[in-house]
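User: I want to go through this structure and ask what stands behind each label. Give me the value, the cut-off and the conclusion.

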Amino acid sequence: MEKTLRGVGVSHGVAIGQVRHMGTAVLEPPAHQIPTEDAPRERARAKQAVDAVAADLIARGTLAGGEAQAVLEAQALMAQDPELLADVERRITVGSSAERAVYDAFAAYRALLAAAGEYLAGRVADLDDVRNRIVARLLGVPMPGVPDSDEPYVLFARDLAPADTALLDPTLVLGFVTEEGGPTSHSAILARALGVPAVVALPNATDVAEGVVVAVDGSSGEVLLDPSTEKQDELRRLAAERKAALSASSGPGRTSDGHLVPLLANVGGPADVAAALEAGAEGVGLFRTEFLFLDDSKRAPSEQAQVEAYRKVLEAFPEGRVVVRVLDAGADKPLEFLTPADEPNPALGVRGLRTLLEHPEVLRTQLRALAAAAEGLPVHLEVMAPMVADRADAKAFAEACREAGLQAKYGAMVEIPSAALRARAILEEVEFLSLGTNDLAQYTFAADRQVGALARLQDPWQPALLDLIAAAAGAAKAAGRSCGVCGEAAADPLLACVLTGLGVTSLSMGSASIPYVRASLATYTLAQCQRAAEAARAADSAEEARIAAQQVLSGE
Ligand code: PEP
Ligand code: MG
């Protein structure tokens, strides 16, 4: 029976495939007593699960190779640690079920490790992962983390953290559906980076059973369960037609009367470059360097590894502009070796530039690696800092860039309302601005971008957000500086016109959105975009702003 669910579409296109779930954190198994005669069976189950998990970790390691292999093999050894196993068996003998015994034995070992100092404490997360895997196997629930599958699938999850998604195989993921996450969440960003359709903020998405065939429309936000073959064919045909029409649009971003608005790509590393080039990106407007750090949250990648990754991206855009954002760790992108574990409110804590100013060696290494990577290349390198709050932040970043002898423009991201309001002062210290509208919306509306229920407040059409964008863009214009948008707002084809009307000078987005934005921008004059921007700012809600802009642009 066909049934339609509705969430918020955040990445265009249609995906049709079977549902696979992202395994969630393992539940605590019940602590009831088992009869003594069941003990031998439970011991056998525990041993079987431990061996299967160890074998699986070794197999994954062989597949992954490199550093990941060493980590996975160490985890396999943890799983089969003889003392741990002896403790599990002891607990079963006195009446625990296999899953409860594993859960408790690992908890005891975990406490020992955590108390044992930094190096061992760093292994606690790996130990938890091993425990979750064994308990999940015993309970017969999906393994935590990315599903194991040889077949392409549509990934359903409560939410996706960057650390989870770093392990996704992009050739297997047809699309995403999440319960949480607004239009600016990392699930949405990742979907756009992979160019796969996605729907977020879909209530009870994780109740949809594994294996059900779904059709996900990343534009309308509709998710069709069990679509008929005719419906599937029709959706595929429509999506192909749309794609063909869009790929016919090419060339630099411009309004119909020739006002240039460079269309740049948001990338997470060298793997995203091919899609950016294919979409005709005129450069990179946001290189999220933290993705290079997510493979191993315990230490920074070596300077040489950074040089190599940066160089691959810079080489892809000879003569083009590449804006690299220095590490934005913290909040939804925590790194064990940098982010305090006990912050009461991480989004308002030490993150972004604040982290780097507390760990200047990490910033220095990154700037040095960027200088080395750009050496001898004709690229226009620009470097910017995340989460700049005020002029003092901008000054500290500019000084770090100068001290590193970096031949690049340096700029500030405007992600905090204070920075938009005082953009003029910030531009006394740095050479350009880039609006991170995802965080700017989060902090303007006090609405956590990870919380799907607050999607209304994270809507980038909110007139208050447009006011802040106008303030920053106006200050940049007066100072003769550029002010781009690299938040997800830039990927909305209609809003892109409004942003242009507000005075934004470039738009950077996930590559898959570039053709849509290019086609939309080419339809209207700059004056129409300016009128649409005025109408949107005069509205009282995001919905009204969208309608008002649409009316102006369609000449109603
Ligand atoms: C933003 O906040 O808009 C932004 C571009 O940064 P990120 O989404 O990586 O936080
Ligand atoms: Mg941000």
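User: What makes helix α18 largely enclosed by the rest of the structure?

Analyst: This is a predicted model, and the count comes from its atoms. Of the 8 residues of α18, 7 are buried, so the helix is largely enclosed by the rest of the structure. Buried means under 20% relative accessible area.

User: Which residues does Y443 touch, leaving aside its neighbours within four places in sequence?

Analyst: Y443 is in contact with A347, L348, R351, M387, E415 and P417. Contact here means heavy atoms within 4.5 Å.

User: What makes the pair Y443 and R351 a polar contact?

Analyst: Their side chains are joined at 2.9 Å. The limit is 3.5 Å between N or O atoms, where one must be able to donate a hydrogen and the other to accept it. The pair counts as a polar contact.

User: How far is Y443 from D540, in sequence and in space?

Analyst: They are 97 residues apart in sequence. C-alpha to C-alpha, Y443 and D540 are 19 Å apart in space.

User: Which residues coordinate the magnesium ion, and how do you know?

Analyst: E415 (OE) and D439 (OD) coordinate the magnesium ion (ligand 2), at 2.0 Å. Donors must lie within 2.8 Å of the metal, so both qualify. Water is not among the atoms, so the site may look incomplete.

User: What makes this pair a link between distant parts of the chain?

Analyst: E415 and D439 are 24 residues apart. E415 sits in the loop between β13 (409-414) and α16 (417-421), while D439 belongs to helix α18 (residues 437-444). E415 is buried, and D439 is buried too.

User: What follows α18, and what is its phi?

Analyst: A446 follows the helix, with a positive phi near 50°. A446 is not a glycine. It lies in the loop between α18 and α19.

User: Why does D226 count as partly exposed?

Analyst: D226 has 40% relative accessibility. D226 is in the loop between β8 (222-225) and α9 (229-247). It also has a positive phi, about 50°, although it is not a glycine.

User: What joins Q450 to D159?

Analyst: A polar contact of 3.2 Å joins their side chains. The limit is 3.5 Å. Q450 is found in the loop between α18 and α19 (463-478). Leaving aside neighbours within four places in sequence, Q450 also touches E180, G181, S185, H186 and D332.

Conventions:
Residues numbered from 1 in each chain as written. Chains lettered and ligands numbered in written order. Predicted model: local features only at pLDDT ≥ 70, side-chain atom pairs only at ≥ 80, totals over all residues. Heavy atoms only, no water. Donors = N, O, S within 2.8 Å, 3.2 Å for Na, K, Ca; no water. Helix = DSSP H or I, 4+ residues; strand = E, 2+ residues; numbered from the N terminus. Buried < 20%, exposed > 50% of the residue type's maximum accessible area, 1.4 Å probe, protein only.
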